[in-house]
Structure formats: structure tokens, C-alpha cells
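Hello,

Here is the structure you asked for. Please open it and keep it in view while you read the notes below.

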Amino acid sequence: MVRGGLSGGGGNRKLPNKGNLTSSSSKQTTILDHFKFSSKPTQKRASNAPPPLEELPDASIQGLEEVPHDPGKYREEDSFSRILESKPIRFVDEEDIAKGDWEGMADKLLQERFGYPCLKSFQKEALAAWLAHEDCLVLAATGSGKSLCFQIPALLTGKVVVVISPLISLMHDQCLKLSKHGVSACFLGSGQPDSSVEKKAMRGMYDIIYVCPETVLRLIKQLQELAESRGITLFAIDEVHCVSKWGHDFRPDYRRLSVLRESFRACKLSFLKFDIPLMALTATATTLVREDVLKVLGMSKETKIVLTSFFRSNLRFLVKHSRTGSSKSYGKDFGQLIEIYTRKKKPNGKVCSLSFEEYKDQSGEASDDGLPEEDWDSSSDMKDVEDDCSDMVEDNTISSAEKEMSIEYLENDVDVFQSVNDWDDACGEFCGQSSTTWDVSESCRKTDPPNTMEERLMLLQEPLEDGPTIIYVPTRKETLSIAKYLCGVGVKAAAYNASLPKSHLRQVHKEFHQNMLQVVVATIAFGMGIDKSNIRRIIHYGWPQSLEAYYQEAGRAGRDGKLAECILYANMSRMPSLLPSKRSEEQTKQAYKMLSDCFRYGMNTSCCRAKILVEYFGEDFSNKKCLLCDVCVNGPPEIQNLKEEADILMQVIAAHHECWSSLDGSYDGIYTDIKRQKLMKPNLRMFVSKIREQSQKFCTIDQLCWQGLARIMESKGYIREGDDRNHVQIKFPEPTKLGLDFLQFDREQPFYIIPEADMLLSMNKCKSYATFADWGKGWADPEIRRKRLRRSQSNRKPRKPRNRQKGKFGKVKPDSKTARGRIAAKIFKK
Ligand SMILES: Nc1ncnc2c1ncn2[C@@H]1O[C@H](COP(=O)(O)OP(=O)(O)OP(=O)(O)O)[C@@H](O)[C@H]1O
Ligand SMILES: [Mg+2]
């Protein structure tokens, strides 16, 4: 059944805004009739008269068969508001679409509106579920085209699709894209200062409404009215991993979205024949997150799960060790990048890169060598977000939850668009534009990613094509220092972080999309929502916070299907730490778990990286390999028998544990407590000291090596963490039953392992504390002594003068902020 405007269909619809939504007088019986409808010859009309229905290239599907789409045809002469006011809307019921050749129709729509040949099979599956009024959970790789799954329904039916989206930057990007394809869309939320947009949206003037979860909860009543007037065909929840507290971008208000299910049921709203379906979409949801999503959103038991592989066969994953926090490493780590981006300028092929010393001179910066990873710029994002929000226009209609969201959770958005002045489209409303700038050739340039092993092996031979790079860094300070360094050596680079002027951010965004910039050095503010097809490299410079976040950001690369690289530079000799954020105890635990998974990904030297990543999201990759990552290309390092090391480590751990357990049965009050405290929780470092004390033989083995060994022994089930607090990797080992058995029964068995990244690093490193004998031998040789002294002098960092207040008697006043300082303060008082 095809409904003509608001008066169509069952005729029992209320018409809140008749004047605005022109109804069609014609009725067709099938969807196919409807598609053939607008073949009437066009009549000349007065320039200010609204165009006849059939001529308007609006978001509905009229004239799809006969009249080629021309989004700009009538827009030039019509003002934006008039288009919105006079836009005629045709409606087609989902059942009628389902009866016809909807796949063919959708493909045609796709070709004419978006320039793509046909829908992908997962997109068809999702659409089929929607047409069957079923809820649907779409799990598909980054860049696979999930957005079309919820955009097409609006175009096919002429009804509204409401998209719940977490980020204003994402909403903005999608609205802008849709407008280029002749689809009207708007976004609502705390970043939307113009309340008229919300009113217009609720009157049914946009095909697609993007809205943040906090706002949609406020608009339920109005949306029910919209469902009755123009009709809502679908609620889409994009980036649905945000629903789950087990996900990486958790947003509390997402957990209240089951209200959509409850408020748009056919049994509740008499004008509905079916519940309005929910479509939830994400590229980064683990199995746990998926289950949580279905439950929290109240999705039906029959929810269709559309699952495609998370594998991105054109991405090459690499992990490299670097002291990332130090600007000394830039020259080493970015040398190749610099060469790529500057070599064209220099016919002799030589790269005029600055040495670190020259760079320091040029930038006038002092070296921050040795800045530990933990020393992240804690002034980073939260403070800026608050600053940014002060720019926002006060709007009393915005609920406190929405405001809070902008402060607490829209860090990225506020980073990107700091105030309403930042919007090029001042009101966040997007109409199908006349001067369409979208480039069909861009979609044509996309190639299918390699499917077969042969195709992937072929990729190995190919160099990366030209294209931009995004370097993700954890702190704002680093965005500036790296961008400055790259600019200094002739790369067109720019920094992107929330503290930079808005005009600069706009410019960077624009220039990046126009291929005028080669490198953007960004915080997470430049992450989600970036859909630029030709990004060739994603570099993470420092440990990411989770594999989900890492895979999301890496997913910006190679969206054109061609080879792209995702390189993680991380300091293998340091444990990563959590960036500051407000977290509950439970969330902190989860955050540590995610950080730990990320750390293990970096440490891995034996398993295909793509396999680790996709299996992390619950995909069975079986014996497959990507053939492109560093592990697949270089192969694992040589296997080693660490039986002796494993044995002694187990012995020391078990001995301590035995001692500790012997105290268990004999509780004798304070005495045992003191004893326990003395014995309590030796960490791995202490076990290693014990080993070194006991045996000369193991003195030269670096702590990093023991750390790696302990991790491997934990993964094999020989030891477990004995501490309740959160750790990135095992810190307070205690033996398991299997471990004790290993000591007792497996004494003759070899213990083969593949050394992990930290172990390899320690093996390559010059031994900082060799045995005293070796060390002594060195000192006996004057040449060695001279060299060592010279090295230690040149490495020595000038100590910063400590700015301490003098106490009463000229003593230095202790720092009250540190625990040591507080204890000292007590003594000082006395
Ligand atoms: N059927 C199709 N054929 C060709 N290209 C398509 C098709 N569907 C979508 N695309 C293109 O794929 C690109 C990525 O689409 P989209 O942004 O929807 O990805 P996504 O799955 O939402 O990714 P992410 O998880 O990163 O948000 C877009 O440029 C889109 O136009
Ligand atoms: Mg998307």
C-alpha cells in the first residue's frame, strides 16, 4: 500500500502540519507502480512556484525508473527554507516494498543517489530484516558500509529514520555526506543551538534525524507524534558498543534506550501495525558486548544478527618498539614517513631531515628526553572539554543530562567542534544540495579488498599508494611537538587537538579532506567519524587504551580497499597506564582488562596480528593468516627452551607461597599478622632479586625477560595473579596446582617458548647489570672504564632545580602531595 502524504494510508492519521507536508493525490497499488509514477512531462512554472511533485528530487523514491536523479535541479532557484517547507513527501509502506523487487529498487537507488553498483550482501540482509519488521544487530567491519543499512530505509519509504549516534562530529560528517547525495538530514543534541531545527525535525521535515541518546530520551512524545504523522520507519543505534558497560566508549544514557522499544510498540500506539524495528550497528563489539546490547536495548528475541567478518584484508598491522614519549625518537621512527612525503621534492632522492639537535635549535624546545609514558599530559582532554563547553550557547530546553554529556562524554566532539560557531552549516540542518560536490569517481576509485590468499600475497609486492597519514598520540603536547618536527623537515603536517583555535581545526579538517595535508597528528578528537577513503597509514604513537579503540582508529585506513598500514609504536619496556577519566570501580577493572589485552597484542611475536584482532571480537579465524602483518611476513622468533629459568622462578614463587600458607592454619593473633605482613605479596621484582641472590647464573637476565616469562607461565596456567588490585600484567604471582605439578613431575621436560617482544628487547639490550664479575672485569680495563664514564656523563640529564619552600629553620619543607612527603611532614613538624 502506498500512502500519499499524510492523508494517505488508512486515512486515520492526524495532520499536525498539513501546510508543510504536501500530500499526493495519486494512489498506487504496488511499489512498482509507485516507482513508475513520475513520467509526466514537466510544465513550465513561475520561478517562485513550488515545483510539481514529480519533479522534486527529494528523498522519496519517486521517478526512480524514468527520471534520472538530479539533486541540484530545483535547488538552485529555491531557497533552503522553501524547499523544506514545501517538500512533498510520498510514503510507501514496508509491506509493499517487501512484495516488490525491493533489492533491484534499492540497487537502482544506490546507483543513482550514491554511485555504487549494488548493495553488499550484509546490507541486503539488514534491509530484509527491517522489511520484515524485525530488530537487527549488524556487526560488520569498519568501513564496510553500515550507514547505508539505515539510510536506505528512509529513501525507500519516504518515512523518517531516527539514528542514535554518540558523537556530534560523526553526525555532522554523515549529515554533510547525505546532503551531497540529495538527502535531507539534521542532527539534534547539545551541540544544536537552533531550537527550530528540532521543531522542524519533529514536524517531519528531514528524512534522517541524527540524535544523541540523551536527547532522544527527552523527545519520546514528539517522536510518537512524528511516527503518527510522517511515520518513522526505523530506529538505528549506531556505534552500539557504547551501550555496553563492557565496551570501550561506554555512555550511561545509552543504557536507557530500551525506552525506544517500549514507546514504539504497536500494542501501545494504535496507528502502528508493527513495532518500529530497532537496528543496532557496530564494528567493535566483543561477544560479551553483543549479549549486553541485546538485553539492554530490549531487542526482541527474534533479533536478526547480521554478522560479517571483522577482518580487513587490505590492512597491514605492524608493531614496533619505540620510546615514544621522547622526542629523540621522532627522527628514527618517522624517518621513512618523512622520506615518502618529501622525496618527490628532491630529485636526488636525499632527504633533508633535521637531526634532533637541529630540530631542538629550530623549535627552541628543550629536550623532554625520558618523559615516561605515565607522564601523560594530565591536563589533557577533560579540562579542555570543560573550557570548550563554556562556549556553548545556553539553551534552557537542553536537559542537564545532555549538558553533562557534552562535558563528560562528548570529549571528541567538543574537541572537534568546540562551539556552535564551528559549524559550517550553522544550524546543523542539511538539505540535498544543489551544487553537489560529491564525486562519483571517488566511489568508482574504490577497489574490492583482496579476498584470496594469492591476492593478499600480491599486495605484499606492492608499495603503498600515495595518501595521507593520521598519527594518533595520547597527549596534546605530542600533537604539537610531532607536527612541528614533521613540518620542520618538509612534511605538510598539522596538529589537531581541542586546545587549538577553532579556525585552525576547521582548516585542518578541510585540508585533510581535500588532500592538502599529508599528515595529521591528532588526539582521539580526530578519530571516530572519519570516512576518508585514501588514508594510507594509521600510526599509533604510544599504547592505545584498548584493542577496540585501536581497531576503530586503525579502521580509518584503507577504506578504498587498497593496501594500507596500521603501525603501533609502543615502548615495550614500560607497562602502559590508563589515561585519566572518571570511572567506577567496575569500569576501572574493565578498563585495565582492556589495556592488558592491548599490551598483550603488542607483546605478541608469534601469532598473526589480524587473527588476534578479529578473534578478540569473537570471530573464528581458525588457521587463517593475514599474510601481511609483521608476524606473518617475518615469522616468529626462534623458539627457546627456558626450562631452567621457568624452574627457578617457579621454585622461588612456590617456596614463598608455602611459607605463607603454613601461617594459615596457625592463627595466633597479632604475631601472625605481623609475620604475614612481612611475608605478604612479594611482587615479581622481588622474586627476581631472590633469584639473583641465589644464583650467579641468572644475574645477567634482565627484569623484562622475567616479566615476559611470568606472562607466558601465567598464560599456560602455572601461576596466577595473587593480588585483587588491577594490573596490566601479572605482578604478584602465586603458583597454581598445575604450576606445583610442573615443579614436581615435569622436571625433565623442556619448557619451550617463543620469546615475546619485551624478552627480545631485553636480549638485544646491553646488560645494565651484568654479574659483578663481568662488571668488574670491565672496570679493570682503562679503555672500557673511560668509555663507560663518557657514556654515563653524556646520558646524564641536568637535574631540574627543585622548587621547594624553605621551612622554619632553613630546612626544606616536604611536599604534602606525596605519601613520602606527608610522612616527612610529620617528622618535620616534630
Ligand atoms: N554497497 C556499497 N558499495 C560500495 N561502497 C559502499 C557501499 N556501501 C557503503 N559504501 C561506502 O563505504 C564507505 C564506508 O561506509 P560507512 O561509513 O557506512 O562505513 P561503516 O561500516 O559505518 O564504518 P565505521 O565502522 O568505520 O563507521 C563509505 O564511503 C560508503 O559510501
Ligand atoms: Mg559507521
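Two rings of Phe, Tyr or Trp count as an aromatic pair if their centres lie within 6.5 Å. The model is predicted, and a search of the whole of it finds 20 such pairs. One of them is formed by Phe310 and Phe617. A pair of aromatic rings is described by the distance of the centres and the angle of the planes. For Phe310 and Phe617 the centres are 5.6 Å apart and the planes stand at 55 degrees, so the pair counts as tilted. Phe310 sits in the loop between β9 (304-307) and β10, and Phe617 in the loop between α24 (609-616) and α25 (630-634). The two residues are 307 apart, and their pair links distant parts of the chain.

Next, the sheet. β10 also belongs to an open sheet of 6 strands, paired in parallel, with the order β10-β16-β15-β12-β14-β13. Which strands stand at the edges? They are β10 (315-321) and β13 (493-496); each has a single partner strand, so one side of each is left without a neighbour in the sheet. From one strand to the next, the twist averages 15 degrees. Strands of a sheet pair through backbone hydrogen bonds. β13 and β14 (residues 519-522) run parallel and are joined by 4 bridges. Within this pairing, Ala493 stands opposite Val519 in β14.

Last, ligand 1. There are 20 residues around ligand 1, and Tyr116, Gly143, Ser147, Lys446 and Arg559 come nearest. By type, this shell divides into 7 nonpolar, 6 polar and 7 charged residues. Some polar contacts can be listed:

- A backbone N or O atom of Cys118 is 3.0 Å from a nitrogen atom of ligand 1.
- A polar backbone atom of Gly145 is 3.0 Å from an oxygen atom of ligand 1.
- A polar side-chain atom of Asp531 is 3.0 Å from an oxygen atom of ligand 1.

On its own, ligand 1 has 640 Å² of accessible area, and the protein covers 88% of that.

Regards

Definitions and conventions. Residues numbered from 1 in each chain as written. Chains lettered and ligands numbered in written order. Predicted model: local features only at pLDDT ≥ 70, side-chain atom pairs only at ≥ 80, totals over all residues. Heavy atoms only, no water. Near = heavy atom within 4 Å. Polar contact = N/O pair within 3.5 Å; in protein donor to acceptor, adjacent residues only side chain to side chain. Areas by Shrake-Rupley, 256 points an atom, 1.4 Å probe, with all protein chains shown as cover. Nonpolar A, V, L, I, M, F, W, Y, C, P; charged D, E, K, R; others polar. Pairing = 2+ DSSP bridges. Axes fitted to C-alpha atoms, helices over the stretch in contact; angles between N-to-C directions. Phe/Tyr/Trp six-rings, centres within 6.5 Å; stacked < 30°, edge-to-face > 60°.
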